[in-house]
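Let's take a walk through this protein together, starting with the whole fold and ending at a single side chain. Keep the structure open beside you as you read.

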Amino acid sequence: MRPADRTSSSDPYATGHGDPAFHVAHYDLDLTYRVAPNRLRGTATLDVEVLAPTRALVLDLVGLAVERVEVTGAPLVRHDHRGGRLTLRLGRDVGAGTRLTVTVRYGGTPRPVRSPWGEVGWEELEDGAIVASQPTGAPSWFPCNDRPDDRATYRTALTVDTPYRVLAHGRLVGRRTRASTTTWVHEEDRPTATYLATVQVGRYEELVLGDGAAPQRALVPAALVPAVRGRLAHHDALLSCLVDAFGPYPFAGYTLVCTPDDLEIPVEAQGAAVFGANHLTGPDADDRLVAHELAHQWFGNSVGLGTWQDIWLNEGFACWAEWWWSQASGGPDARTLARTWHGRLAARPQDLVLTDPGYDRIFDDRVYKRGALTLEALRAVLGTDAFLGLLRAWTSRYGHATATTDDLRALAAEHAAATGGDALARRVADLLVDWLDRPALPPLPAAG
């Protein structure tokens with residue numbers, strides 16, 4: 001899927017990664033990983049479409065050494081790799097619409113990428129590895145056009161020592177064992193942002209969580225299987241609840257990974273989510289996190305971002321899903337949880353604008369909770385049936401594409417007008433201005 005017409009210089013939330021001059025339509029990744037020494041070797045083949053006339057392509061690749069680069073479709077004069085940017089100098093200008101194939105052979109010791117929110121990307125476990133790339137960690141393991149709006153299809157083949165199991169985003173389409181190694185091949189045919197591409201490596205057993213609305217599996221260390229099985233006993237019911245609210249599950253299946261290590265936070269990937277042992281077992285386990293990460297399959301993974309400025313469209317929807325599942329599963333209802341969080345946010349500084357929080361605050365908890373409160377306020381004004389219809393229309397219209405806050409405003413206006421005419425449409429428009437564009441926290445409207 002082509003990215004929006006947006007250059008890094010025009011987006012105040014640009015990360016310093018990515019090149020707007022081209023779009024990667026497909027990544028073919030052929031990787032070998034040795035767990036004990038933490039050594040990765042790979043060949044990445046990228047199908048590229050040029051979007052603007054250029055004589056250079058710039059890829060992101062951090063901490064790994066480039067061994068060889070080839071370009072088919074235009075002459076390659078040389079390549080330069082410094083500061084995490086791999087620049088391919090071409091022998092002539094190439095115009096918009098030109099299709100190129102770029103092949104990069106590389107390797108080294110993968111490590112996370114530094115970011116304002118800590119280190120992200122490829123990370124060693126005590127016995128295995130995880131990839132949690134949001135927002136800028138993808139270049140820690142493959143050369144890419146690391147922009148949230150540049151979504152591609154993938155084939156990922158990863159060879160590891162045979163005791164280890166591999167999960168990558170997409171469907172498992174092949175597995176072959178030779179001597180002491182096994183190659184796991186996954187394909188993802190849905191447009192995927194680089195930050196949602198993932199591989200997980202560990203000594204995992206597979207649990208079946210359900211096969212209702214979609215196949216659901218968990219990869220779990222053997223010692224944690226009983227505890228995780230109990231914690232996720234209602235996962236099939238959770239998925240059915242979210243399907244009823246949001247529309248059909250958008251991918252071929254869902255895999256939840258529980259690492260043997262404790263992690264700071266769980267994180268979503270395309271068709272998957274990664275949890276630490278602490279999130280699913282012991283006193284710190286929290287069921288709301290399971291609903292939150294599953295909801296991201298609709299909000300963030302299927303309906304994607306054009307810019308990190310709109311992060312509330314991911315996190316606000318996922319937080320509201322926590323409240324909706326609590327209500328459906330016999331816990332506090334969504335309205336009660338909204339009142340609780342409204343009181344907490346009212347006691348915090350009123351200096352955050354949801355549609356423009358600032359790049360360094362895109363993961364501020366107020367973005368998450370105020371986003372959820374915005375949706376609960378919209379439900380109060382529209383009524384539950386019309387509101388859920390709006391959510392299903394959102395995931396249908398923008399599924400496997402990118403969307404913006406203004407797209408949501410327009411769709412909400414459509415549904416409000418269809419429900420209550422122009423007066424309700426104006427009320428909804430004013431409500432969204434108050435909640436999205438002004439720093440002061442508005443009162444929660446009374447349910448109609």
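**From the whole fold to one threonine**

Of the contacts in the protein with a separation of 6 or more, 68% are accounted for by residues 24 or more positions apart. Keep in mind as you look around that this is a predicted model. The protein contains 9 helices and 22 strands.

How does the overall size fit the chain length? A compact globule of 448 residues would have a radius of gyration near 22 Å, and the protein has 22 Å, so the two agree. If you follow the C-alpha trace along its principal axes, it spans about 65 × 55 × 35 Å. Of the 448 residues, 58% count as buried. The accessible surface of the protein comes to about 17,300 Å², and carbon and sulfur atoms make up 47% of that area.

Now let's turn to one sheet. Strands of a sheet pair through backbone hydrogen bonds, and the pairing may be parallel or antiparallel. Here, 5 strands form an open sheet with mixed pairing, and their order is β16-β17-β18-β20-β19. Because β16 (205–210) and β19 (267–269) stand at the edges with a single partner strand each, one side of each is left without a neighbour in the sheet. From one strand to the next, the twist averages 20°.

Strand β16 and strand β17 (residues 216–220) run antiparallel and are joined by 5 bridges. Within this pair, G210 stands opposite Q216 in β17. A helix also belongs in this picture: α4 (residues 287–295) packs on the sheet, where it touches β18 (254–258), β19 and β20 (272–275). The direction of α4 makes about 150° with that of β20.

Our last stop is T395, which you will find in helix α8 (residues 384–397). Is T395 buried or exposed? Its relative accessibility is 12%, and the cut-off for buried is under 20%, so T395 counts as buried. Which residues does T395 touch, leaving aside those up to four places away in sequence? They are F246, W298, F299 and V303. The side chain of T395 also has a polar atom that lies 3.1 Å from the backbone oxygen of R392. Taken together, T395 is a buried residue that touches F246, W298, F299 and V303, with a polar side-chain atom 3.1 Å from the backbone oxygen of R392.

Key:
Residues numbered from 1 in each chain as written. Predicted model: local features only at pLDDT ≥ 70, side-chain atom pairs only at ≥ 80, totals over all residues. Heavy atoms only, no water. Pairing = 2+ DSSP bridges. Helix = DSSP H or I, 4+ residues; strand = E, 2+ residues; numbered from the N terminus. Axes fitted to C-alpha atoms, helices over the stretch in contact; angles between N-to-C directions. Contact = heavy atoms within 4.5 Å. Rg over C-alpha atoms; globule rule 2.2 N^0.38 Å. Buried < 20%, exposed > 50% of the residue type's maximum accessible area, 1.4 Å probe, protein only. Areas by Shrake-Rupley, 256 points an atom, 1.4 Å probe, with all protein chains shown as cover. Polar contact = N/O pair within 3.5 Å; in protein donor to acceptor, adjacent residues only side chain to side chain.
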